[in-house]
Amino acid sequence: MPEAGNLFHGGISKSQLPAPTGDGVTLFIRETRRAELAHWWALTCGPLFALWNRPLATVLLISYGIMVNLPFIAIQRYNRFRCQAFTDRRPGGAGSGVVRRSSGLSGGIEPGAGGGDANC
């Protein structure tokens, strides 16, 4: 999926964790909230199209907006919930520890060292 988070002042790319520490995960969670909100705001503009477009054009524009924005909303929400669950599981709770990929088949994450991908 296209990623534009780092195009905006203060934004970060969500293709990788900004840092493999608890603070990096916390920053990533905050960025996924911002990104999800931006896509919801884009969807709320849809009804305004009815003010100056014909009904068919309005339906097409709103349908397009839903098809384009809902996948990104789902991805941001999924990533945020997954990272929040990770921060809740690790010792010390949210904001502490370091992210490490487990070597098991489950692809889970363990507190410890290393790692830095966006797959919390």
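Mentor: Ile66 lies in helix α2, where helices (H or I, at least four residues) are DSSP runs numbered from the N terminus. Before we go on, this is a predicted model, in which local features need pLDDT of at least 70 and side-chain atom pairs count only at pLDDT 80 or more, while totals for chains, interfaces and linings use all residues. Residues are numbered from 1 along each chain as its sequence is written, and side-chain values use heavy atoms, with hydrogens and water left out.

Trainee: Which residues make the nonpolar surface patch?
Mentor: Patches are made of residues with over 30% relative accessible area and no salt bridge; like charges are joined within 9 Å, and nonpolar side chains (Val, Leu, Ile, Met, Phe, Trp, Tyr) within 5 Å. The areas come from the Shrake-Rupley method with a 1.4 Å probe, and for residues only the protein chains shown count as cover. Here Leu37, Trp40, Trp41, Ile66 and Leu70 make a nonpolar patch of about 520 Å². Two or more of its residues come from each of α1 (22–44) and α2 (55–89), and α1 gives the most, with three.

Trainee: How far does α1 reach from its first C-alpha to its last?
Mentor: For a helix, the expected span is 1.5 Å times one less than its number of residues. With 23 residues, α1 reaches 33 Å, close to the 33 Å expected.

Trainee: And which residues form the largest nonpolar core?
Mentor: A nonpolar core is a set of buried Ala, Val, Leu, Ile, Met, Phe, Trp, Tyr and Cys residues joined through side-chain atoms within 4.5 Å. In this model the largest has five: Val25, Phe28, Ile29, Cys83 and Phe86. Both α1 and α2 give two or more residues to this core, with α1 giving the most, three.

Trainee: How many salt bridges does a search of the whole structure find?
Mentor: A salt bridge is a side-chain nitrogen of Lys or Arg within 4 Å of a carboxyl oxygen of Asp or Glu. The search finds three. One joins Glu31 and Arg34, whose closest N and O atoms are 2.7 Å apart.

Trainee: Why might residues three or four places apart point the same way?
Mentor: An α-helix has 3.6 residues a turn, so such residues point the same way. Glu31 and Arg34 are both in helix α1, three residues apart, about one turn of the helix.

Trainee: Which residues are linked in a network of salt bridges?
Mentor: Glu36, Arg77 and Arg80 are. Glu36 meets Arg77 at 2.3 Å, N to O; that pair links distant parts of the chain, from helix α1 to helix α2, 41 residues apart. Glu36 also meets Arg80, at 2.7 Å, and these two are 44 residues apart. Glu36 is buried at 5%, as is Arg80 at 9%, while Arg77 is partly exposed at 33%.

Trainee: Last one: how is a pair of aromatic rings described?
Mentor: By the distance of the centres and the angle of the planes. Rings of Phe, Tyr and Trp (its six-membered ring) pair if their centres lie within 6.5 Å; planes under 30 degrees apart count as stacked, over 60 as edge-to-face and the rest as tilted. The structure holds one such pair. The rings of Phe49 and Trp52 have centres 6.2 Å apart and planes at 85°, so they are edge-to-face. Phe49 is partly exposed at 26%, whereas Trp52 is exposed at 58%.

Definitions and conventions. Buried < 20%, exposed > 50% of the residue type's maximum accessible area, 1.4 Å probe, protein only.
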